[in-house]
Amino acid sequence: MLINPRTVIKNGAVIIKNNKINFAGNFNEIDKSQQQSITDLGNAAIVPGLINAHTHLELTHLDGRIDFTGSFADWISKIIQAKKAWTVQDSTLSVRAGIKKCIEAGTTTIADVTRNGFSLSELQKCTLRKFVFCEVINFDPSQAEETVIDFKSRIKGTNEDHLLEVGIFPHSPYTVSKELYTQCGKISDDLKILFSTHICETDEEIEFLMKGTGNLADLLRNLNMLKGWIAPGLKPIAYLNNLGLLKDNLLLVHCNYVSQEEFMMVEKSKGHVVFCPKSHRYFHHKNYPFQEFVTHNINMALGTDSLASNDSLSILDEMKYLYDEENALEPEDIFSMGTVGGATALGLEERIGKLEPGFDADITVIQLPEDVNGNFFENFFSPEAQCIFSVVSGSVCFDKYGLYNPL
Ligand SMILES: [Zn+2]
């Protein structure tokens, strides 16, 4: 059992009482005189529930259908094209398929971005803990006001509960005007909701903001969206900083290309970074600047992004990939990003991300390979390791083998 990224306990057990963790430690330390039902999970690791801090469930059915041929702008055009004929039913089924994949992968908390609201209604019905970020897109400054009114109407009537929070997600600096970005920041402050955006994802994005040229500028110009626009001449995070948007409730998704000046801006703001490792690989990006984020004490979470740039919605798969490919990271650091890092980014570091008494009972159980060689992380990140059981807020969310059989 892994209580937190740095404490491994053999023969571990967790007691859940009133949806909270009551005990997490060695099975032998449990007071057996207390009446309780016991679920034996076998040769498995009990870990804090895995947290996916960035995905787009609505794109699940694009799995394997969008190829990347070197231009990010072309990749975006292909997604728009592929989804053009989708009905409401198509989008709904795509979201449902995504939710199923996430649950089976052992995710207990998900931060999803919804374009049309389809995932909001579907996620509301499921047992995951969820943050639904409503996407906002409009590059026309004159439409900033009405886009914000539309956002408010989209979230109106949403019944937030202990498992659901709504957030705002202006898509990116090349699809959202600076006026709209500013309005989104204001809404986030007024409604006290989380704010997230794609940022520093590609060289093309940097060229667009610095010079107003390149593939993204061509794409927007062809759509007649650049009339009267002048490039700000700033790097992406510096641009957000200039708009007063860097705060501790901001989740910066990607951050593949960040300048020294921008690292310092994020550090100062106490904002969070969400890294999507396999999506990073899909687009053949350069080495990720892990060490810089560590040096600047910037909290890092993990996301899968969508199946338009990944083959899995599993945070465990993202961690396995990092374990295999990133020599710069200790296994504990990788594990931390998928648990406590995600919890911190989502403002829940006092409630989830660790197995500690008083924390909400969000738990993932990973079956380990039979050949246990004593190295916990080597087994945990091995290809055979897979989720067999999960609990969200004390309720069973996934039970692959029907192990849970209360008295
Ligand atoms: Zn994304």
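Let's start at the zinc ion. In this predicted model, four residues coordinate the zinc ion: His54, His56, His198 and Asp305.

What is the arrangement of the four donor atoms around the zinc ion? It is irregular, because the angles they subtend run from 88 to 164°. To count as tetrahedral, all angles would have to lie between 85 and 135 degrees.

Now look at the sequence. The donor residues are spaced H-x1-H-x141-H-x106-D. Take His56 and Asp305 as a pair: they are 249 residues apart and link distant parts of the chain. His56 sits in the loop between β6, residues 50-55, and α1, residues 72-83. Asp305 sits in the loop between β13, residues 300-302, and α12, residues 315-325.

Are these two buried or exposed? His56 is buried, because its relative accessible area is 10%, under the 20% cut-off. Asp305 is buried too, with a relative accessible area of 5%.

Stay with Asp305 for a moment. Its backbone has a positive phi of about 55°, although Asp305 is not a glycine. Why point that out? Because most residues other than glycine have a negative phi.

Cys200 is another case. Cys200 has a positive phi of about 50°, and it is not a glycine either. Where is Cys200? Find the loop between β10, residues 194-199, and α6, residues 203-211. Cys200 counts as buried, because its relative accessibility is 0%.

Next, a helix pair. Helix α2 covers residues 88-104, and helix α3 covers residues 118-125. They pack at an angle of about 45°, with their axes 9 Å apart. So α2 and α3 are oblique to each other. The crossing of α2 past α3 is right-handed.

Which residues meet there? From α2 come Val88, Ser91, Thr92, Val95, Arg96 and Ile99. From α3 come Phe118, Ser119, Glu122, Leu123 and Lys125.

Asp305 is buried and has a positive phi. Cys200 shows a positive phi as well. And α2 crosses α3 in a right-handed sense.

Note on methods
Residues are numbered from 1 along each chain as its sequence is written. This is a predicted model: local features need pLDDT of at least 70, side-chain atom pairs count only at pLDDT 80 or more; totals for chains, interfaces and linings use all residues. Side-chain values use heavy atoms; hydrogens and water are left out. Donors are N, O and S atoms within 2.8 Å of the metal (3.2 Å for Na, K and Ca); water is not among the atoms, so sites may look incomplete. Four donors count as tetrahedral if all angles lie between 85 and 135 degrees; four count as square planar and six as octahedral if opposite donors are over 155 degrees apart and all others between 65 and 115; anything else is irregular. Helices (H or I, at least four residues) and strands (E, at least two) are DSSP runs, numbered from the N terminus. Buried means under 20% relative accessible area, exposed over 50%, partly exposed in between (1.4 Å probe, protein chains only). Axes are lines fitted to C-alpha atoms, for helices over the stretch in contact, and angles run from 0 to 180 degrees between N-to-C directions. Angles under 35 degrees count as roughly parallel, over 145 as roughly antiparallel, 65 to 115 as roughly perpendicular and the rest as oblique. A crossing is left-handed if the near helix is turned anticlockwise from the far one by less than a right angle, and right-handed if clockwise. Contact means heavy atoms within 4.5 Å.
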